[in-house]
Amino acid sequence: MMINNFRLQNFRNYKDETVQFMPGTNIFVGNNGQGKTNVLEGIYYLLTGKSYRVQREQELLRWEQNEFHLYGDFLLAHHKVFLESHYRDKKKMVKVNQVPCQRLSDFVGTINVIFFSPDDLVMIKGGPSERRRFLDLHIAQMHPGHVSILNAYNKVIQQKNALLKSYVAKSLKYSQLQLWNEQIIELGKKIISNRLDLTKRLQEAANQIYPNLTSQKETMQTNYIALGKKDANEAISQFPQLLNDKLEQEMERQMVLIGPHRDDLQILLDDKPARLYASQGQQRSIVLSLKLAELELIRQEKQEYPLLLLDDVLSELDRFRRDYLIKFIESSRIQTLITMTSAETHLESGALYYVEKGHIRRNL
Ligand SMILES: Nc1ncnc2c1ncn2[C@@H]1O[C@H](COP(=O)(O)OP(=O)(O)OP(=O)(O)O)[C@@H](O)[C@H]1O
Ligand SMILES: [Mg+2]
């Protein structure tokens, strides 16, 4: 799949700019603060209906404007898609092939995208919620049903939390909690097994990437830690007991203390927690490997590669790792949009664009 043409109007620092992309590698070069990240953010927004940086569309509006528009021509394996995203008077509107989409979820996932952003490094250093989010976002791209299960589960957790909070006032009955626990177990098991399945497949794919990226010097391992246990299948079978065991503590703390909303994805570098020991370049390498592993899983399921957006990925990587990444992109022929602050010498092919003050110029 590839993007041919992209137009941004009043989006971030772009007034009205159109870019024609090439198959293969597209390199965006420019000084700091010129608009390289903003182009990738615009494409990501057009494809997912979300910015990965901010919650509110208001911040995406070019200063002092009240509407922005994004347009993109995409070429899939067997057909073309023209996507539009409009934000006007605080309302969003999406069109697919000029037909308005009722719900954003109707089109999300039709065109897949993998985005590496330096912000993703929080996956290593940040809390467990960052890592759960990474897994859930991928599962949702492939199986939108996962989102409904997560929503239903979170609602049950909120309700049980509310019940636990009213415990002192109302003298809570054990049977009342039991009712919520049954739902927590039923929905929770599905969430755990989806995440567990993804973790295993990601690890398999990453096994083909991380050792090569590090010239066989390092290993990386991910384990999904369900309900505090490394053996997730054992955790699933013991879920009712584990919930029961926590009951007193839950009443004391007035919140649900065990379930997939507290799970974690453990990331090990050479058998030690990456969170504690990985260097900057190693953190970047781990996140990059997980993203490239995701890319491979999407290709396996959809029979075509997603669009690959790499923002500022090369900094902090040593010469060997940079070369490996460039070779990987060039040999796979995945359409890739990559940003950097200076034109790298070792790029053999690819279209080069200069980004300056919200203008993009192709170097011909
Ligand atoms: N809503 C907005 N309206 C207008 N300009 C904005 C808006 N949001 C951000 N900018 C400006 O956009 C500029 C470019 O931002 P961007 O993050 O794309 O830079 P970049 O080229 O990726 O830089 P770096 O190399 O530092 O990552 C910044 O100078 C910022 O002030
Ligand atoms: Mg940037």
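Me: How does the span of helix α12 compare with 1.5 Å a residue?
Reply: In this predicted model, helix α12 covers residues 280–302, and its 23 residues should span 33 Å at 1.5 Å a residue. The C-alpha atoms at its ends are 33 Å apart, which agrees.

Me: Moving to ligand 1, which residues come nearest?
Reply: There are 16 residues around ligand 1, and Gly33, Lys36, Thr37, Asn38 and Leu61 come nearest. By class, that shell has nine polar, five charged and two nonpolar residues.

Me: Which N or O atoms lie 2.8 Å from a ligand atom?
Reply: An N or O atom in the side chain of Lys36 is 2.8 Å from an oxygen atom of ligand 1. For Leu61, a backbone N or O atom lies 2.8 Å from a nitrogen atom of the ligand. A backbone N or O atom of Trp63 is 3.1 Å from a nitrogen atom of ligand 1.

Me: How much of ligand 1 does the protein bury?
Reply: The protein buries 75% of the 650 Å² that ligand 1 exposes when taken alone.

Me: Now Asp136: buried or exposed?
Reply: Asp136, found in helix α3 (residues 128–142), has a relative accessible area of 12%; since buried means under 20%, Asp136 is buried.

Me: What is Asp136 in contact with, beyond its neighbours within four places in sequence?
Reply: Asp136 is in contact with His146, Leu150 and Arg195. Its side chain makes a polar contact of 2.8 Å with the side chain of His146.

Technical notes:
Residues are numbered from 1 along each chain as its sequence is written. Chains are lettered from A and ligands numbered from 1 in the order in which they are written. This is a predicted model: local features need pLDDT of at least 70, side-chain atom pairs count only at pLDDT 80 or more; totals for chains, interfaces and linings use all residues. Side-chain values use heavy atoms; hydrogens and water are left out. A residue is near a molecule or strand if one of its heavy atoms lies within 4 Å of it. A polar contact is a pair of N or O atoms within 3.5 Å; within protein, one must be able to donate a hydrogen and the other to accept it, and residues adjacent in sequence count only if both atoms are side-chain atoms. Accessible areas come from the Shrake-Rupley method with a 1.4 Å probe; for residues, only the protein chains shown count as cover. Ala, Val, Leu, Ile, Met, Phe, Trp, Tyr, Cys and Pro count as nonpolar, Asp, Glu, Lys and Arg as charged, and the others, Gly among them, as polar. Helices (H or I, at least four residues) and strands (E, at least two) are DSSP runs, numbered from the N terminus. The expected span of a helix is 1.5 Å times one less than its number of residues. Buried means under 20% relative accessible area, exposed over 50%, partly exposed in between (1.4 Å probe, protein chains only). Contact means heavy atoms within 4.5 Å.
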